[in-house]
Amino acid sequence: MKNKRMLKGVGVGLIALSVLIGLILFSNGTLQISAEEKQKQPTSPNQVKDQAVSSSKKSSPTQITNADKTIVLTQLNDKVWAHTSYNDYNGTTVDHNGLVVSTSKGVVLVDTAWDTLENHAKTEELLEMIEKHLKKKVVMALVTHAHDDSIGGIQALLDQGIDVRSTFLTAKLAKERGYPSPNPTLDAKPVMKVGDTVIEAFYPGEGHSQDNITVWLPQHQILFGGCFIKALGAKDLGNLSDANVEQWDDSVQKVIDKYPNVKTVIAGHGQWGDKSLLYHTIDLIKQHTSQENSNHE
């Protein structure tokens with residue numbers, strides 16, 4: 001009987017000792033974790049600010065601007081940049097987007113900076129920025145239509161011996177408006193391979209202008225819609241001086257059907273996004289048509 005009581009006492013003592021050790025270890029562990037967490041936390045307003053800046057840099061795309069901020073290069077991926085230039089339009093500062101595509105044979109430029117027949121300084125500066133930061137020269141350029149915001153800087157390209165291409169209709173309209181004519185090769189040869197990069201031009205029909213085309217980068221699933229496509233922030237169709245609104249929605253639908261795998265769509269003006277820009281453009285066309293019909297009732 002005495003032995004059983006002794007064993008029972010030892011057992012109770014061991015249980016109590018185990019509980020005590022566990023509490024000590026848990027307490028130390030908690031203190032240690034808390035100390036480590038405290039070391040990770042910012043201890044001053046400056047540290048908070050530094051962490052916010054660091055986080056912002058990780059989430060924001062790489063951007064390069066010129067001195068007066070009239071030209072911005074925004075990196076879309078390791079090979080493709082958007083170039084954005086700014087101009088005054090009816091008393092308001094408006095942006096215009098183009099593309100800079102880096103290939104193993106040099107850079108392909110889609111649309112010039114927003115220049116004019118008399119002044120192509122922004123395109124000259126754009127070429128300098130590309131060569132300085134990408135360490136490559138522009139070897140080819142595509143013009144998506146014959147308006148100033150797409151073709152305005154063509155003389156700057158030709159002055160450097162760059163091969164500037166367009167459709168026959170864009171070349172014809174450019175000449176009529178006093179611009180030098182691009183090489184009208186895109187009708188016969190819409191698909192080009194420049195080094196390791198495939199680029200496809202597509203004429204879907206009239207819309208923003210008679211001659212508007214899109215440019216597709218299949219390896220990157222990026223579609224440049226130019227002024228033919230409207231950004232999600234656009235509330236209307238913009239400049240309709242050369243537009244064919246009746247045909248525009250059918251033309252956009254052709255682009256939707258042709259490029260079902262598009263991931264990024266670049267509009268001529270405003271923020272780029274996904275394929276929802278294509279459907280938004282159709283919605284704006286329907287909205288415009290409905291308003292026009294109401295006005296004529």
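Before going on, a word on the model: it is predicted, so local features need pLDDT of at least 70 and side-chain atom pairs count only at pLDDT 80 or more, while totals for chains, interfaces and linings use all residues. Residues are numbered from 1 along each chain as its sequence is written, and side-chain values use heavy atoms, with hydrogens and water left out.

Back to His145, which sits in the loop between β6 and α4 (148–151). Helices (H or I, at least four residues) and strands (E, at least two) are DSSP runs, numbered from the N terminus. Is His145 buried or exposed? His145 counts as buried because its relative accessibility is 1%, where buried means under 20% relative accessible area, exposed over 50% and partly exposed in between (1.4 Å probe, protein chains only). Leaving aside neighbours within four places in sequence, the contacts of His145 include Thr170, His208 and Cys227; contact means heavy atoms within 4.5 Å.

Now the sheet. It is open, with 8 strands in the order β1-β2-β3-β4-β5-β6-β7-β8 and mixed pairing. Two strands pair if DSSP finds at least two bridges between them. The edge strands, β1 (63–65) and β8 (183–184), each pair on one side only. Strands β6 (residues 138–142) and β7 (residues 163–166) pair in the parallel sense over 3 bridges, and Met140 stands opposite Asp163 in β7.

Let's look at one residue of strand β2, Thr74. Thr74 is buried, with a relative accessible area of 3%. Its side chain makes a polar contact of 3.2 Å with that of Gln63. Not counting residues up to four places away in sequence, Thr74 also touches others, among them Trp81 and Trp272.

Last, two helices. How do α7 and α8 pack? Helix α7 (residues 245–258) and helix α8 (residues 276–295) meet at an angle of about 165 degrees, with axes 10 Å apart. Axes are lines fitted to C-alpha atoms, for helices over the stretch in contact, and angles run from 0 to 180 degrees between N-to-C directions. So α7 and α8 are roughly antiparallel to each other: angles under 35 degrees count as roughly parallel, over 145 as roughly antiparallel, 65 to 115 as roughly perpendicular and the rest as oblique. Residues making this contact include Trp248 of α7 and Tyr279 of α8.

Terms used
Polar contact = N/O pair within 3.5 Å; in protein donor to acceptor, adjacent residues only side chain to side chain.
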